[in-house]
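Open the model in your viewer and keep the selection panel at hand. This tour goes stop by stop.

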Number of protein chains: 2
Amino acid sequence: MEKSIFYHAGCPVCISAEHEIISLIGAEQVEVVHIGEERTRIAEAENAGVQSVPALLTPNGQVLHLNFGAAIEAVKG
Amino acid sequence: MEKSIFYHAGCPVCISAEHEIISLIGAEQVEVVHIGEERTRIAEAENAGVQSVPALLTPNGQVLHLNFGAAIEAVKG
């Protein structure tokens, strides 16, 4: 199965959600991307439909926004 | 592992999220509860920290609100 991508920005809500997701679906099934650090991937996240972080892009191309840490606009700064 | 519980209220956002979650973690790992129909479980969801649906209560007791379908207050009606 293709991996999911977990986009986050290092916020406490992000870290908590990351732990839950990895616990639920396994670290080997998720690529974790810190868009505050890997800023070149912000556009990729936006194009996928990510509006806030933390968010999980599933292998089906669907975005699950998990709780609310920060709007992507705030990450862009 | 203890199961997660996916609380929803039958809304389109809920159904979409349910498909993704089951695809990600497997139907046997998730109990699906429609709190619009199983109204006796609304209090249980609220006590667990569910503020809106769809939401996933993980085996760790953490709540992941997945996108936004409806506030639990709206489900209570």
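Contact here means heavy atoms within 4.5 Å. Keep that cut-off in mind for the interface. Remember too that this is a predicted model.

**Stop 1: both chains**

**Stop 2: the interface**

Show the interface residues of each chain. Of those in chain B, 100% are also interface residues in chain A, so the copies meet through the same surface.

**Stop 3: helix α1 of chain B**

Select residues 12-25 of chain B. This is helix α1, with 14 residues. From first C-alpha to last, α1(B) reaches 20 Å, close to the 20 Å expected at 1.5 Å a residue. Which residues of α1(B) are buried? They are B:C14, B:A17, B:E18, B:E20, B:I21, B:L24 and B:I25. Step past the end of the helix to B:G26. This glycine follows α1(B) and has a positive phi, near 95°.

**Stop 4: B:E20**

Stay in helix α1 of chain B and pick B:E20. Show what surrounds this glutamate. Leaving aside neighbours within four places in sequence, B:E20 is in contact with A:T58, A:N60, A:Q62 and A:L64. With which side chain does the side chain of B:E20 make a polar contact? The partner is A:N60, at 3.1 Å. Next, look for a charge partner. B:E20 is buried yet has no salt bridge. The nearest side chain of opposite charge is A:R41, 17 Å away.

**Stop 5: helix α1 of chain A**

Cross to chain A and select residues 12-25. Helix α1 of chain A has 14 residues and reaches 20 Å, close to the expected 20 Å. Its buried residues are A:C14, A:A17, A:E18, A:E20, A:I21, A:L24 and A:I25. A:G26 comes after α1(A), with a positive phi near 95°.

**Stop 6: A:E20**

Finish on A:E20, in helix α1 of chain A. Not counting residues up to four places away in sequence, A:E20 touches B:T58, B:N60, B:Q62 and B:L64. A:E20 is buried and has no salt bridge.

Technical notes. Residues are numbered from 1 along each chain as its sequence is written. Chains are lettered from A and ligands numbered from 1 in the order in which they are written. This is a predicted model: local features need pLDDT of at least 70, side-chain atom pairs count only at pLDDT 80 or more; totals for chains, interfaces and linings use all residues. Side-chain values use heavy atoms; hydrogens and water are left out. Helices (H or I, at least four residues) and strands (E, at least two) are DSSP runs, numbered from the N terminus. The expected span of a helix is 1.5 Å times one less than its number of residues. Buried means under 20% relative accessible area, exposed over 50%, partly exposed in between (1.4 Å probe, protein chains only). Lys and Arg count as positive and Asp and Glu as negative; His and the chain ends are not counted. A salt bridge is a side-chain nitrogen of Lys or Arg within 4 Å of a carboxyl oxygen of Asp or Glu. A polar contact is a pair of N or O atoms within 3.5 Å; within protein, one must be able to donate a hydrogen and the other to accept it, and residues adjacent in sequence count only if both atoms are side-chain atoms.
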